[in-house]
Amino acid sequence: MRRPALLAAAVVTYVVAAWMVAPGFYDGFGPQQPYNWTCPPPQAGANLKPSSGHADIKVIGGVSDAGSAFTNDGQIVVGFLPGALDATGKTTISVDITPLPTCPQPPGIRFVTNVYHVVASAPLVKRASVVLVYSNLEPAPTAIYQAADPAGPWRSIGAARDAMPFTITTTSASLGYFAAGYPQTTAASGVLRIGGGSQVLPIVVAILIAVVLLAGLPLAMLRRRRAHGEGEAEEDEAKATSKS
Amino acid sequence: MISVRNRAHPAVRAVLVGAYILCVEWARALIATQPRMAIASLVLSLILGGVALGLVAVGWPADRLGLGTSRIGLRIIGGFALGAVLLLPAAARSGAVPILPAGLAAAAVAISLGEELAFRGALYAALDELGGAPLAIVGSTVLWTAAHALSHPPEFLGAVAAAGLLLALWRWACRDLVAPVIGHVIADLAL
């Protein structure tokens, strides 16, 4: 009885400890540091304001060099290939990233990151890569959205499949305002959504519990019955031996 | 004198196993935190880390590692139960849980397999030999937590320690490593 009790105590200890820090136990694929919010969700706790970023892209032989601009907290990185910016008449091109001080939530879209404004002193002529970090406190985004004005219209510019955990990446043909989110359906945010939102975890846990109950209990009962049967057989054998 | 000599070998073995595991885990964590590391390089370093951890179990008899095939059905079901418990807080909170790309999923399997063979397999067996089950449970949990100190923010270490304690207690209570391996793999794939 001591072992099951200790195991049960360990289960309760783990659930309590993991409940205090989302997502609980993970093995290195979780966010490395808390997200800096413009508008922190209630569960965020202490929050630092998101930072801005600046980069000077060199122009070499009339062609803009490869480079990237990112905020100091690393929550957005915009990468440029050689010749990505129109360098006509320039020796350097400056790129600035600033977090929007407000948190627009356009109809039909739920943003789960800050909105960032990316501007360059030269027009973009080749696609730039955009990488946004997101928090573990909100549902995972399915796409990066872009707009020329924070009031909209916002359009999805997709997401690549091989992004690092807690980052979403895509390419964009123009600069402007960027944020990551997902299309808002009739389900409220944070409620179970299957598929695009990758909110499959509750289903996985439910399936695991169902398998344990449906297969584990009969297996355990079978084992107990078998052990009981063996015990009775041994008892009968012992009785028969003592009679003879 | 004889008893000291008899105990010296398990002690040296436990220290060496623990030091090796810590070195591999910290090296893996330091490599993974390099800024702007390509995903292929990260996957490769994680898989190599998992293999390096698993190597520490080479030479141990399967039953000493808890890897027997008896009661295999119950062991597998136990693994599902451990997986459900490890994921329960994250599932209840309904936050972001990114689906891992195939490469990182393979790396997650390699790491969780390697970590279980190392911590609840070889290290547990070495500490059990040295000081019995209490030392094996506490020692493997302490080293497991220390091994994650570089890869996790400090506020997560309580949950890491609690997960290590749960897995070590299962290893002791059921004399089984199959369920911790399955539970750990499920948790790492989902988180």
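Student: From the N terminus on, how do the elements of chain B run?
Tutor: They run α-α-α-α-α-α-α, and chain B has 7 helices and 0 strands, where helices (H or I, at least four residues) and strands (E, at least two) are DSSP runs numbered from the N terminus. This is a predicted model, in which local features need pLDDT of at least 70 and side-chain atom pairs count only at pLDDT 80 or more, while totals for chains, interfaces and linings use all residues. Residues are numbered from 1 along each chain as its sequence is written, and chains are lettered from A and ligands numbered from 1 in the order in which they are written.

Student: And what share of chain B counts as buried?
Tutor: Of its 191 residues, 53% count as buried, meaning that 20 or more other C-beta atoms, placed from the backbone, lie within 10 Å of the residue's own.

Student: How do helix 5 and helix 7 of chain B cross?
Tutor: The axes of helix 5 (residues 102-147) and helix 7 (residues 178-190) of chain B come within 9 Å and cross at roughly 145°; axes are lines fitted to C-alpha atoms, for helices over the stretch in contact, and angles run from 0 to 180 degrees between N-to-C directions.

Student: Switching to chain A, in what order do the 4 strands of the open sheet come?
Tutor: The order is 3-4-8-11, with antiparallel pairing, and two strands pair if DSSP finds at least two bridges between them.

Student: Why is one side of strand 3 and of strand 11 left without a neighbour in the sheet?
Tutor: Strand 3 (67-70) and strand 11 (167-172) of chain A stand at the edges, and each has a single partner strand, so one side of each lacks a neighbour in the sheet.

Student: How many bridges join strand 4 to strand 8 in chain A?
Tutor: There are 4 bridges between strand 4 (residues 76-80) and strand 8 (residues 128-133) of chain A, and Val77(A) has Val131(A) in strand 8 as its bridge partner.

Terms used. A residue is buried if 20 or more other C-beta atoms lie within 10 Å of its own, exposed if 12 or fewer, and partly exposed in between; C-beta atoms are placed from the backbone.
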